[in-house]
Amino acid sequence: KQDIIQLFDNAKTVVPFQAGSYPVIFAPSEVSYLLAPFLASLNGKAVARDISPWKDKLGEQLLDPRITLVDDGTLPYAASSQPFDREGVPTRRNVLIDQGIAKQLLLDLQFARALGLESTGNGTLAGPSPHHVCLDPGSHSLADMQRQIQRGLIIFGTMGAWANNPYSGNVSGTISLGLLIEKGEVVGRVKDCMFSINSFKHFKDHLIAISRETKDEGSATLPYVALDEVVISTT
């Protein structure tokens, strides 16, 4: 409750803001959009159809070593957990990215057969799909991450944030709730702004920190993520 009250108070004052490239902290609810290109690229359906940029790149260091991404259909009490997928294959914990290294594809029976592999228990009507995505937390507190920023944003809400073509890695969206940070302190809310990143590039070369705090976002458990060189445009 106190977090919500604090967020409301911080958003009362609208402050001027100029377009440019800034360090940005993304709240867990927004991190899910940034991870979409990775999940799309590790989907066995995309690999079998030769449209994934990560085809034939399993075992390669593609992202910052602090990035470990897991899909788990066996988490106790999680709404997305189930003993079997729709094809009767037992669900399991799949480490998709291990310390920045691409390790595992999401597979159902059809595309596992096409690739000469085994199903990972991710079969759905639409093809392979994750159950519950978890990005490993980091060692920094959110407060520490905020104090490190001289001038930047923390984004709690967006509208239309999506990867138009997830295989390109480009993700952008209108910022519905973004707070300006100056010298480590929140000074007010920005309006009429959009963000733009390339997940492949930013999670490899521009990762500042990952929070140790995480939040359950329904089908994902995610931390706060701070990225540098995020393009912010204004209207």
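Let's start at Ile 97, which stands opposite Ala 102 in β4. That strand, β4, covers residues 101-102, and two bridges join β3 to β4, with the two running antiparallel. Strands count as paired here if DSSP finds at least two bridges between them, and the strands themselves are DSSP runs (E, at least two residues; helices are H or I, at least four), numbered from the N terminus. β3 and β4 make a hairpin with two residues between them, and in that turn Gln 99 has a positive phi of about 50°.

A word on what we are looking at: this is a predicted model, where local features need pLDDT of at least 70 and side-chain atom pairs count only at pLDDT 80 or more, while totals for chains, interfaces and linings use all residues. Residues are numbered from 1 along each chain as its sequence is written, and side-chain values use heavy atoms, with hydrogens and water left out.

Back to β3, which spans residues 93-98 and is joined by four bridges to strand β2, residues 69-72, again antiparallel. Within that pairing, Val 70 has Val 95 as its bridge partner in β3.

What is the size of the largest nonpolar core, and which residues have the most contacts inside it? It has 46 residues, and the ones with the most contacts inside it are Phe 26, Phe 195, Phe 203 and Ile 232. By nonpolar core I mean a set of buried Ala, Val, Leu, Ile, Met, Phe, Trp, Tyr and Cys residues joined through side-chain atoms within 4.5 Å. Buried means under 20% relative accessible area, exposed is over 50%, and partly exposed is in between, using a 1.4 Å probe and protein chains only. Strand β11, residues 220-234, gives the largest share of this core, six residues.

Take Ile 232: leaving aside neighbours within four places in sequence, its contacts (heavy atoms within 4.5 Å) include Phe 17, Tyr 22, Leu 153, Cys 193 and Phe 195. There is also a second, separate core of 13 residues, with Ile 25, Ile 149, Leu 179 and Ile 181 among them.

On to the rings. They pair if the centres of Phe, Tyr or Trp rings (for Trp, the six-membered one) lie within 6.5 Å; planes under 30 degrees apart are stacked, over 60 edge-to-face, and the rest tilted. That rule gives six aromatic pairs. One of them is Phe 17 with Tyr 22, a tilted pair at 4.8 Å centre to centre and 40° between the planes, and both residues are buried. Another is Phe 26 with Phe 195, edge-to-face, at 5.3 Å and 70°. This pair links distant parts of the chain, with Phe 26 in strand β1 (residues 20-26) and Phe 195 in strand β9 (residues 193-198), 169 residues apart. Phe 26 counts as buried because its relative accessibility is 0%, and Phe 195 is buried too, at 2%. Phe 38, Trp 54, Phe 200 and Phe 203 form one aromatic cluster.

My last stop is Ser 199, in helix α6, residues 199-205. Is Ser 199 buried or exposed? Buried, because its relative accessible area is 0%. A polar atom of its side chain lies 2.7 Å from the backbone oxygen of Leu 34. Not counting residues up to four places away in sequence, Ser 199 also touches Pro 37, Phe 38, Gly 169 and Val 171, among others.

Terms used. Polar contact = N/O pair within 3.5 Å; in protein donor to acceptor, adjacent residues only side chain to side chain.
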